[in-house]
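Please go through the structure below with this report at hand. The headings follow the topics in turn.

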Amino acid sequence: YADHAVKVATAIRALGIKYLAADAYYSKVKFVSAIIPAGLHIVGKFRIDANLQWLYKGTYRDMGRPRKYDSKVDFDTDMHR
């Protein structure tokens, strides 16, 4: 489906459409990473198994690999971040 959307992206953008409405099935890295460079954006629901994580903004402790992520996103309690 991503290949087809990329092939018709120029025609879609010519109509003034910038956003695609998609089901949760299409909110995968493989689909989204193919659509974004084509100049389109996706509006849709996250999958139930989406693994959203906050980026780590702390300091490096000079040991081991630097931390990349802080913790998982919890939409009920973490929206102040």
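Is I42 buried, partly exposed or exposed? I42 is partly exposed, because its relative accessible area is 25% and the classes are buried under 20%, exposed over 50% and partly exposed in between (1.4 Å probe, protein chains only). I42 belongs to strand β2. Strands, like helices, are DSSP runs numbered from the N terminus: a strand is E with at least two residues, a helix H or I with at least four.

Strand β1 spans residues 19-22. Its covered face holds L20 and A22. Its uncovered face holds Y19 and A21. Strands β1 and β2 run parallel and are joined by four bridges; pairing requires at least two DSSP bridges between two strands. A21 has V43 of β2 as its bridge partner.

## Model and confidence

The model is predicted: local features need pLDDT of at least 70, side-chain atom pairs count only at pLDDT 80 or more, and totals for chains, interfaces and linings use all residues. Residues are numbered from 1 along each chain as its sequence is written, and side-chain values use heavy atoms, with hydrogens and water left out.

The mean pLDDT of the protein is 87. This score is the predictor's confidence in each residue, from 0 to 100. A value of at least 70 is reached by 100% of the residues. Among the elements, helix α2 (residues 9-14) has the highest mean, 93. Strand β4 (residues 69-72) has the lowest, 86. Where pLDDT is low, predicted coordinates should not be read in detail.

## Aromatic cluster

There are three aromatic pairs. Rings of Phe, Tyr and Trp (its six-membered ring) pair if their centres lie within 6.5 Å; planes under 30 degrees apart count as stacked, over 60 as edge-to-face and the rest as tilted. Why is the pair of Y25 and Y26 edge-to-face? Their planes stand at 85°, with the ring centres 5.3 Å apart, so the pair falls in that class. Y26 also pairs with F31. That pair is tilted, at 5.1 Å centre to centre and 50° between the planes.

Ring pairs link Y1, Y25, Y26 and F31 into a cluster.

## Helix α3

Helix α3 covers residues 29-35 and contains V32. V32 is partly exposed at 29% relative accessible area. Its C-alpha atom is 11 Å from that of D3, which is 29 residues away along the chain.

A34 is also placed in helix α3. A34 is partly exposed at 26%. A34 and H80 are 46 residues apart in sequence, and their C-alpha atoms are 31 Å apart.

## Salt bridge and surface patch

How many salt bridges does a search of the whole structure find? The search finds one. The criterion is a side-chain nitrogen of Lys or Arg within 4 Å of a carboxyl oxygen of Asp or Glu. R67 and D70 form the bridge, at 3.8 Å from N to O. R67 is partly exposed at 44%. D70 is partly exposed at 31%.

F46, F75 and M79 form a nonpolar surface patch. Together they have about 350 Å² of accessible area, computed by the Shrake-Rupley method with a 1.4 Å probe, where for residues only the protein chains shown count as cover. Patch residues have over 30% relative accessible area and no salt bridge; like charges are joined within 9 Å, nonpolar side chains (Val, Leu, Ile, Met, Phe, Trp, Tyr) within 5 Å.

## Loops

The loop between β2 (41-44) and β3 (53-55) holds F46. N51 is found in the loop between β2 and β3. N51 is partly exposed at 49%. N51 and V73 lie 22 residues apart in sequence, with 8.1 Å between their C-alpha atoms.

D62 sits in the loop between β3 and β4. D62 counts as exposed, because its relative accessibility is 64%. D62 has a positive phi of about 60°, although it is not a glycine.
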